[in-house]
Structures are given as structure tokens and as C-alpha cells.
Amino acid sequence: MKILITGFEPIRQFYDINPSWEAVKKLPDKINEVEIVKEELPIVFDRAEQKLEELFTYHQPAAVVNVGQSGHDRGIMIERIGVNLDDFNVPDNAGNMRKDEKIVEDGPDAYFTTLPCREIAEKIVAAGIPAGLSETAGTHLCNHVTYFTSHWIKMRNLNTINGFIHVPLDMSQCLTERGTDRFFMSINVIAKALEEALYVIVEKVKK
């Protein structure tokens, strides 16, 4: 049994690192005998889709957790909804801009994620790390992969559970002109929060 967890590459226009991937890299390879597959996604909407398809096909995970950064969140935020909308405020790393475009032309307006969101948030808080629930993953790549993953699973009638976790910036990102008014958390603390989340997810998929 496997759980796939992904982080994003840096948004090269603004940052040299992405704390989502830096934290994911620090996670253990196994939790309670369940293999944890850690992969980096490109910040290019079609290439991210392609890589997710390849990872699904090869690993056939029992759960998928996509992780991304947010400079607006004070803690770890567990996303509950992905919407069928791309509306980029900044281009992706290939220069693509998408405005008012559907992710899947004939897809439903939204999907609820299927991770045990409240249990995950409570587990992270119990570990002394700020966390909460969120009803919007935005309309950039974070929301895109949330919706795309949900749709992929639905169209294939899989039992895979999935969801998205937003993490704050690393302090180094807040020293840039763009990041001076942003919230931050150390990558080690983010990694600890993600590990706590994985313990909850492992128990869910092993039942």
C-alpha cells in the first residue's frame, strides 16, 4: 500500500524555494508499514497534470495528498473543496496565464476532497502547530491539482482518497520584497505537521 504526497517546485518569478516540497522531502519513507511516495510537481498546469497521471498509473496509491505554499495562511490549512476554475493572477513557470477557464470543460463545478480533513487539522493542532480548515484553495495551481486529482479519481471509480494542504512560506521567502508582509513557518515544523497528517491518513486507508 502506498500514499502519494507531492510538493511544488519554486515559483521562479518570486522565490528560490518552495516550502511544500522542502517539507515533503523530509518525510519518512514509511509510516506504519505504508510506503510514502514523495514527488515534486512542476508549476506548469499541463505538466503537473501529466506527472500526476504518470504517478497514479505507476504507484496506484491508496491516498493522494498534494501540498502547496500560501503566503496568506497563519498555519497549516486543510482544503476541503476544489473548484473547476483556473484564474491566474501570476503566470505559471512556463508563462501560461489562464483567466476564467474551466479545468475540465464538462466537469462538475466543484469536488469535495475526501481526506479526513477535520481529524487531520485536530491532530496537527494537538501537536502544537497552528492548523485549520479552508473552503478555498484559490484558483491557481493549488486548486488546479486539487480539482484535477479529484476528477481523475472520480472518472475511474477509484477508492483513492485525496486532498490538498496549504502551508505557510519559509522565513527566507519573507525577506524578499514580495514576502515582507507574509506569514512564515519553519520547514521542519511544516514537515512535522505533514507527518502528523499522514498518520491520520494511514489509519484511514488501513481500515
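This is a predicted model: local features need pLDDT of at least 70, side-chain atom pairs count only at pLDDT 80 or more; totals for chains, interfaces and linings use all residues.
Residues are numbered from 1 along each chain as its sequence is written, and side-chain values use heavy atoms, leaving out hydrogens and water.

Now for the rings themselves. Rings of Phe, Tyr and Trp (its six-membered ring) pair if their centres lie within 6.5 Å, with planes under 30 degrees apart called stacked, over 60 edge-to-face and the rest tilted. The count comes to four aromatic pairs. One of them is Phe 56 with Trp 152, with centres 5.6 Å apart and planes at 25 degrees, so this pair is stacked. It links distant parts of the chain, with Phe 56 in helix H2 and Trp 152 in helix H4, 96 residues apart. Phe 56 is buried at 5% relative accessible area, and Trp 152 is buried too, at 12% (buried is under 20%, exposed over 50%, partly exposed in between, with a 1.4 Å probe and protein chains only). Ring pairs also bring in Phe 148, making a cluster of Phe 56, Phe 148 and Trp 152.

Tyr 111 and Tyr 147 have ring centres 5.0 Å apart and planes at 50 degrees, so they are tilted. Tyr 111 belongs to strand S7 (residues 110–112) and Tyr 147 to helix H4, so the pair ties together parts 36 residues apart in sequence. Both tyrosines are buried.

As for the sheet, seven strands form an open one in the order S2-S3-S1-S4-S9-S5-S8, with mixed pairing. Strands S2 (30–31) and S8 (131–134) stand at the edges with a single partner strand each, so one side of each has no neighbour in the sheet. Helices (H or I, at least four residues) and strands (E, at least two) are DSSP runs numbered from the N terminus, and two strands pair if DSSP finds at least two bridges between them. S4 (residues 63–69) and S9 (residues 161–167) run parallel, joined by seven bridges, with Val 67 partnered by Ile 165 in S9. Helix H4 (residues 141–155) packs on the sheet, touching S1, S3, S4 and S9, at about 170 degrees to S9; contact means heavy atoms within 4.5 Å, and angles, from 0 to 180 degrees, are between N-to-C directions of lines fitted to C-alpha atoms, for helices over the stretch in contact.

The structure holds ten salt bridges. Lys 123 and Glu 196 meet in one of them (3.6 Å, N to O); Lys 123 lies in helix H3 (residues 117–126) and Glu 196 in helix H5 (residues 187–206), so parts 73 residues apart in sequence are tied together. Glu 196 is buried at 11%, and its side chain also meets Lys 192 in a salt bridge (2.7 Å, N to O).

Notes:
A salt bridge is a side-chain nitrogen of Lys or Arg within 4 Å of a carboxyl oxygen of Asp or Glu.
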